[in-house]
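Please keep the sequence and the model in view while reading.

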Amino acid sequence: MKKWKFLTAVAALTLMLGACNSDDDSATGESTEKDSTSAATDTAEKSAFPMKISSLTASSEDEEKGTTITFEDVTLDKMPERIITLDYGFLDTLDALGVEGIVGIAANGGKGNIPQHLKEKYVVDGVADVGTLKQIDFEAVAAAEPDVIFISGRQAPFYEELKEITPNVVFIGSDNENYINAVNETVDLAAQIFDKEIEAEKLKADLQAKVDEVKEKAAGYENALVAMYNDKKISGFDNGADSRFAYVYNDFGFKPATTDIEASSHGSDFSYESVLSVDPEVLLIIDRTASDVDAIKADIENDIIKQTRAYKEGKIVYLDGVNWYFSSNGVTTETEKLDEILNELK
């Protein structure tokens with residue numbers, strides 16, 4: 001009798017334990033299912049796409065047609081894998097961030113004024129040559145099947161035509177009044193699209209450190225004048241809102257030798273006598289021809305310029321036209337531009 005009772009008790013206990021284990025298994029399965037659902041929800045919430053992108057400038061003026069071009073927001077369904085950029089500065093920024101997938105640039109048959117480090121990497125087989133900065137080969141653009149196209153002011157007149165190839169056309173503009181901030185905005189935009197936020201913060205910090213170094217150097221001079229050399233002529237630029245190189249004064253810290261230059265993005269005709277009349281302590285010469293510096297010195301350093309303070313004190317600085325005129329706004333090229341000034345004004 002006692003033995004039966006003992007066996008009965010054991011059996012009952014076994015049944016109870018089995019039921020408990022069954023309940024535990026059921027609870028575990030339910031918990032796992034909830035965890036999986038939660039993880040999927042978290043992933044969906046954290047996913048950056050679809051992503052709405054606004055052009056950095058809402059509109060641009062088509063000077064030839066006298067019309068305003070308005071840039072629409074675009075929605076990217078996924079991270080672009082096939083990229084065309086028609087702006088060398090933005091190409092430079094994408095490259096600095098380590099973005100892959102460039103399938104087309106305006107290489108102009110390899111003769112474009114592209115920074116050498118970009119030319120070596122992107123003027124190659126496998127990257128479509130889609131024309132020049134102002135003459136786009138639309139058939140080549142379409143054949144490259146881009147997911148997104150980045151443009152700047154030179155290509156703005158072709159905005160509607162490019163949208164027929166892909167609706168994802170993003171305008172990367174510049175702001176001469178808030179120049180470095182605008183550069184940082186392009187870096188942030190690229191970082192947002194291509195998940196490069198960590199890399200972007202370092203690039204922006206390095207650029208700002210270089211800007212601060214130049215501003216400290218600029219503070220030691222009474223004034224400066226920015227001029228551009230092209231075809232044996234020079235154009236002058238002050239710190240006005242419409243001045244193409246106003247940022248040299250407003251962001252880099254140089255005090256303008258004059259604020260009486262006709263406002264123009266291309267500068268005003270500025271004779272050598274005009275340079276002498278304002279007599280800058282520092283004369284910054286941007287070589288629009290992107291030629292050998294020695295080839296333009298004979299024109300610039302003539303008998304008139306030799307009378308200026310800048311010449312007498314050895315403060316004429318010749319600047320690389322490729323970086324300064326053709327590929328501005330790139331985070332690496334901007335750093336190189338600042339280094340040019342620092343290296344010459346030792």
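Helix α2 and helix α13 (residues 331-344) pack with their axes 6 Å apart, at an angle of about 100°, which makes α2 roughly perpendicular to α13, a term for angles of 65 to 115 degrees. The model is predicted, so that local features need pLDDT of at least 70 and side-chain atom pairs pLDDT 80 or more, whereas totals for chains, interfaces and linings use all residues. Residues are numbered from 1 along each chain, and side-chain values use heavy atoms, without hydrogens and water.

**Contact between α2 and α13**
- D92, T93 and A96 in α2 meet V331, T332 and T333 in α13, where contact means heavy atoms within 4.5 Å.
- By class, this contact of α2 with α13 has 2 nonpolar, 3 polar and 1 charged residues.

**Helix α2 and its ends**
- Helix α2 spans residues 88-97 and is mostly covered, since 9 of its 10 residues are buried, that is, under 20% relative accessible area with a 1.4 Å probe and protein chains only.
- Among the buried residues of α2 are Y88, F90, L91 and L94.
- D87 caps the N-terminal end of α2, with a side-chain oxygen 3.1 Å from the backbone nitrogen of G89, and α2 is followed by G98, whose phi is positive, near 80°.

**Backbone features in loops**
- The peptide bond from F49 to P50 is cis, with omega near 5°, and P50 is in the loop between α1 (2-46) and β1 (51-53).
- D195, in the loop between α6 (179-194) and α7 (197-218), has a positive phi near 55° although it is not a glycine.

Notes: Buried < 20%, exposed > 50% of the residue type's maximum accessible area, 1.4 Å probe, protein only. Helix = DSSP H or I, 4+ residues; strand = E, 2+ residues; numbered from the N terminus. Polar contact = N/O pair within 3.5 Å; in protein donor to acceptor, adjacent residues only side chain to side chain. Axes fitted to C-alpha atoms, helices over the stretch in contact; angles between N-to-C directions. Parallel < 35°, antiparallel > 145°, perpendicular 65-115°, else oblique. Nonpolar A, V, L, I, M, F, W, Y, C, P; charged D, E, K, R; others polar.
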